[in-house]
Amino acid sequence: MVSVSSGFSGSGSSGSLSVSPASAQDWELVRSWAAEEGWNPGLADARAFFAQDPRGFFLGRIDGEPVSAISVVTYDDAYAFLGFYLVRPELRGLGHGLATWQAALAHAGDRSVGLDGVPAQQDNYRRSGFSTAYRTARYVGEVPAPDGPVPGVVAARRVDPGALAAYDSACHHADRPRFLAAWLTTPGHHALVRVVDGRVTGYGVVRPARDEARVGPLFADSPADAAALLDGLAAEARGFGSARIAVDMPESNPAAARLAEERGLEPTFETARMYTGPVRPVARERVYGVTTLELG
C-alpha cells in the first residue's frame with residue numbers, strides 16, 4: 001500500500017489520503033461513479049481488465065471511505081493504459097486526485113502510458129508529460145436492423161482463437177491475450193468476426209451498459225467489413241434489449257466517421273488519445289472503434 005498526504009482534508013474528514021490497490025468488488029463502486037459522470041461504462045468491463053492486470057486498479061481513501069480512483073493497466077514491458085481517474089465531486093480541488101495519480105502511476109514503471117482525456121483536462125495531462133496523438137468521437141444512435149443474418153459475420157467462438165489474437169495484436173499497442181480471452185467470453189459480451197474466403201477480416205464486441213450498448217473494439221480491414229460487423233453487432237444489441245449503440249471512433253481513421261454517418265449515428269462528445277512516450281505502431285486504418293475510453 002502507498003499512503004500519501006494530499007496536503008488537504010476534505011469536508012468533514014480528518015485523516016490523510018491513503019492510496020492502495022482495489023479489488024474487483026471495490027471497482028463496482030467506481031463503475032457507479034463513472035456512470036454518474038455520464039461515461040456509460042459496460043456493465044462487466046472490469047472483469048477482463050482485472051484478468052489482464054489485477055494490480056492495476058487503485059482507490060484513495062480518507063478515514064476508510066473511498067474518495068478517488070484510477071486504473072493503470074499494464075499490458076507488457078513497454079505499454080500501460082491509464083483510466084477511471086475520478087474524485088468524488090464534493091472533494092475535488094483539494095489535491096486528492098493528484099495524490100492518487102502520483103501514487104498509482106508508479107505502477108507503470110518506465111512504460112509508455114496512454115489515456116483518453118476529456119477536453120477540460122488535456123492541458124493538465126500535457127503538464128504531466130502526455131502528448132496528443134489524435135481525437136476520438138463517441139457516436140451514438142440506432143442502427144437500422146438488417147433484413148437477416150449478415151453475410152460473412154459469425155460468432156467469435158467459431159473462429160480459431162490464435163487467428164483472432166493475431167488480428168487484435170495488429171490493432172493494439174501490445175499483445176493482450178489474457179484480456180482478449182476474458183473480453184470475448186465475459187457474460188453479456190457478444191463477439192462477432194468477419195470472415196472472407198476463410199480469412200479473418202475484422203472483429204467486434206458489443207456489451208450492455210447503463211445506457212446505450214457499447215461497441216468496442218471494432219477492427220476491420222475495410223469499410224465494407226466494418227459495416228457488416230457494425231450491423232451484426234447492432235442486431236446483437238437489439239437481442240439483449242438495446243436499440244441504441246455507442247461506439248468511440250478515432251479520427252485517425254476517417255472511414256470510421258463516414259461509416260457512423262451512413263448508419264445514422266451522431267457524435268456526442270470527444271476525447272484525445274494521449275501518450276507519454278513512443279508506442280508500438282498499429283494498423284490505424286483497421287481501427288473503426290476503440291475498445292474502451294476508460295480502460296484502453
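How many cavities of 30 Å³ or more does a search of the whole structure find? In this predicted model, the search returns three such cavities. The largest cavity holds about 190 Å³ of space. Its lining comprises 18 residues, of which Tyr134, Cys171, Arg273, Val287 and Val290 are the closest to the cavity centre. By residue class, the lining of the largest cavity consists of 10 nonpolar, five polar and three charged residues. Two strands, strand 5 (79-87) and strand 13 (266-275), each contribute at least two residues to this lining.

The C-alpha trace spans about 65 × 35 × 30 Å along its principal axes. Of the 296 residues in the chain, 53% are buried. Contacts between residues at least 6 apart in sequence were also considered, and 75% of them join residues at least 24 apart.

Several features of the backbone were then noted. Glycine 216 and proline 217 are joined by a cis peptide bond, for which omega is about 0 degrees. Proline 217 is located in strand 11, which covers residues 213-220.

A positive phi in a residue other than glycine occurs at asparagine 40, where the angle is near 55 degrees. Asparagine 40 lies in the loop between helix 1 (24-36) and helix 2 (45-52). With a relative accessible area of 3%, asparagine 40 falls under the 20% limit and therefore counts as buried.

Aspartate 197, likewise not a glycine, has a positive phi of about 55 degrees. This residue is found in the loop that runs between strand 9 (190-196) and strand 10 (199-207). Is aspartate 197 buried or exposed? Its relative accessibility is 80%, which is over the 50% cut-off, so aspartate 197 is classed as exposed.

How values were computed. Residues are numbered from 1 along each chain as its sequence is written. This is a predicted model: local features need pLDDT of at least 70, side-chain atom pairs count only at pLDDT 80 or more; totals for chains, interfaces and linings use all residues. Side-chain values use heavy atoms; hydrogens and water are left out. On a 1 Å grid over the protein atoms alone, a cavity is a set of points where a 1.4 Å probe fits but cannot get out, and a pocket is an open set with protein on both sides within 12 Å along at least five of seven lines; lining residues have an atom within 4 Å of a point. Grid points are joined across faces, edges and corners, and a volume is the space filled by probe spheres set on the points. Helices (H or I, at least four residues) and strands (E, at least two) are DSSP runs, numbered from the N terminus. Ala, Val, Leu, Ile, Met, Phe, Trp, Tyr, Cys and Pro count as nonpolar, Asp, Glu, Lys and Arg as charged, and the others, Gly among them, as polar. Buried means under 20% relative accessible area, exposed over 50%, partly exposed in between (1.4 Å probe, protein chains only). Contact means heavy atoms within 4.5 Å.
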